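Subject: Structure for your review

Dear colleague,

Please find below the structure for your attention. My notes on what was found in it come after.

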Amino acid sequence: MVGATGTIGRATVRALVRHGHEVVCFVRAKRGRDVVIPGATVRTGDVTKAESIARDGLCGERFEAVVSCMASRTGGSQDAWAVDHDAQQHLLQAAKAAGVSQFVLLSAICVQKPLLAFQHAKLAFEKALMTSGLTYSIVRPTAFFKSISGQVKRVQQGKPFLLFGDGTLTACKPISDDDLAEFLATCLTDASRANRVLPIGGPGPAVTLRQQGELLFTLAGKPPRFTRVPVAMFDGIIGVLRTLGMVIPPLRDKAEFAAIGRYYATESMLLWDPVVGRYDADATPSFGSETLASHYARLLRGEIADDRGEHAVF
């Protein structure tokens, strides 16, 4: 198991252990302290180096499967290709050399319409995995709960909920960490998911950004207040940063981050129907039982923390 220290990764380890699997997690070493993941054996090394994966992770032992929840931290171009493609390739090659026969990959539904560096990197690795000869399952989830929880504190503080356009430009079928983890874990034993690309969303109908805000205000017991943010704002920021990035290289990634923000503000996280040219909520598979409403309620009560990290937008 790689990518085990993130929120999805830890949930996936719990699901794998619950299903009776013996789990070995290969993680980056953290200075001054050991990494502990309950129920799993933890080995440390450098996942960006093939020799470290083989020497420090696989250790010459026999493994039946690899589950990868690994992803770049920022989505910047260099980071995306180094992790979402190159590191995954190192992992795949090391796994094949060690006799691993199955590979479960956590990808993303947004690769259906690739405009960003991390999407192209993920797609390139998906293609490599499909042609590797290993039994694979490529899981493309819709929005995570944490990725659409960035405005909970704003609402709690009495601030307006920010909308892009009128708040109906996009929709998603968000899925919880634990439900996604259960889906990933059961890919190991469900033959119907072998050698397939698997889009997956959470239970219930798709929700727009405005509906997310209305839900939050209802749960917080506050009257709804919205402020519209023009999507054109992103275009201006992206244009300026890309121009400056020609002479100031660090600004190139900032331009890419702004492009990522624009993408999520204008593209739904649902199954794309290329024939009719639209997102199809009804065709987007649902899985699990945890609802966005229950997640928001727990956040508002302080029972769980906002752990978006680099995924924060607001």
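The notes below cover salt bridges, the cavity and a pocket, cysteines, backbone angles and a surface patch.

The model is predicted, so local features need pLDDT of at least 70 and side-chain atom pairs count only at pLDDT 80 or more, while totals for chains, interfaces and linings use all residues. Residues are numbered from 1 along each chain as its sequence is written, and side-chain values use heavy atoms, with hydrogens and water left out.

Salt bridges

A search of the whole structure finds 13 salt bridges, a salt bridge being a side-chain nitrogen of Lys or Arg within 4 Å of a carboxyl oxygen of Asp or Glu. One of them joins the side chains of Arg 18 and Glu 182, at 2.9 Å from N to O. Arg 18 lies in helix H1 (residues 7-18) and Glu 182 in helix H6, so this pair ties together parts that are 164 residues apart in sequence. Helices (H or I, at least four residues) and strands (E, at least two) are DSSP runs, numbered from the N terminus. Arg 18 is exposed, at 53% relative accessibility, whereas Glu 182 is partly exposed, at 21%. For these terms, buried means under 20% relative accessible area, exposed over 50%, and partly exposed in between (1.4 Å probe, protein chains only).

A salt bridge also links Glu 126 with Arg 140, the closest N and O atoms being 2.6 Å apart. Here helix H4 holds Glu 126 and strand E5 (residues 135-141) holds Arg 140, so the pair ties together parts that are 14 residues apart in sequence. Both Glu 126 and Arg 140 are buried.

The side chains of Glu 303 and Arg 298 meet in a salt bridge as well, at 3.9 Å from N to O. Salt bridges that share partners join Arg 298, Arg 301 and Glu 303 into one network. Glu 303 is partly exposed at 48% relative accessibility, and Arg 298 is partly exposed at 33%.

Cavity and pocket

The search of the whole structure finds one cavity of 30 Å³ or more. The largest cavity has a volume of about 40 Å³. On a 1 Å grid over the protein atoms alone, a cavity is a set of points where a 1.4 Å probe fits but cannot get out, and a pocket is an open set with protein on both sides within 12 Å along at least five of seven lines; lining residues have an atom within 4 Å of a point. Grid points are joined across faces, edges and corners, and a volume is the space filled by probe spheres set on the points.

Residues that line the largest cavity include Met 70, Asp 84, Gln 88, Lys 122, Phe 125 and Glu 126. Helix H3 (77-97), strand E4 (102-106) and helix H4 (117-130) each supply at least two residues of this lining, and H4 gives the most, with three residues.

The second largest pocket holds about 580 Å³ of space. Its lining has 22 residues, of which Glu 22, Val 24, Phe 63, Glu 64 and Ala 65 lie nearest its centre. Strand E1 (24-27), H2, E3 and H3 each supply at least two residues of that lining.

Cysteines and backbone angles

The structure holds zero disulfides, a disulfide being a pair of cysteine sulfur atoms within 2.5 Å. For Cys 25, the nearest cysteine sulfur is that of Cys 69, 9.7 Å away. Cys 25 is buried, with a relative accessible area of 0%. For Cys 110, the nearest cysteine sulfur is that of Cys 172, 12 Å away, and Cys 110 is buried at 3% relative accessibility.

Cys 59 is not a glycine, yet has a positive phi of about 55°. Cys 59 sits in the loop between helix H2 (50-58) and strand E3 (65-68) and is partly exposed, at 37% relative accessibility. Asn 195, also not a glycine, has a positive phi of about 55°. The loop between helix H6 (177-186) and strand E8 (196-200) contains Asn 195, which is partly exposed at 42%.

Surface patch

Val 240, Leu 244, Met 246, Val 247 and Ile 248 form a nonpolar patch on the surface, with about 500 Å² of accessible area together. Patches are made of residues with over 30% relative accessible area and no salt bridge: like charges are joined within 9 Å, nonpolar side chains (Val, Leu, Ile, Met, Phe, Trp, Tyr) within 5 Å. Accessible areas come from the Shrake-Rupley method with a 1.4 Å probe; for residues, only the protein chains shown count as cover. Met 246 lies in the loop between helix H8 (232-245) and helix H9 (250-266) and is exposed, with a relative accessible area of 67%.

Yours sincerely
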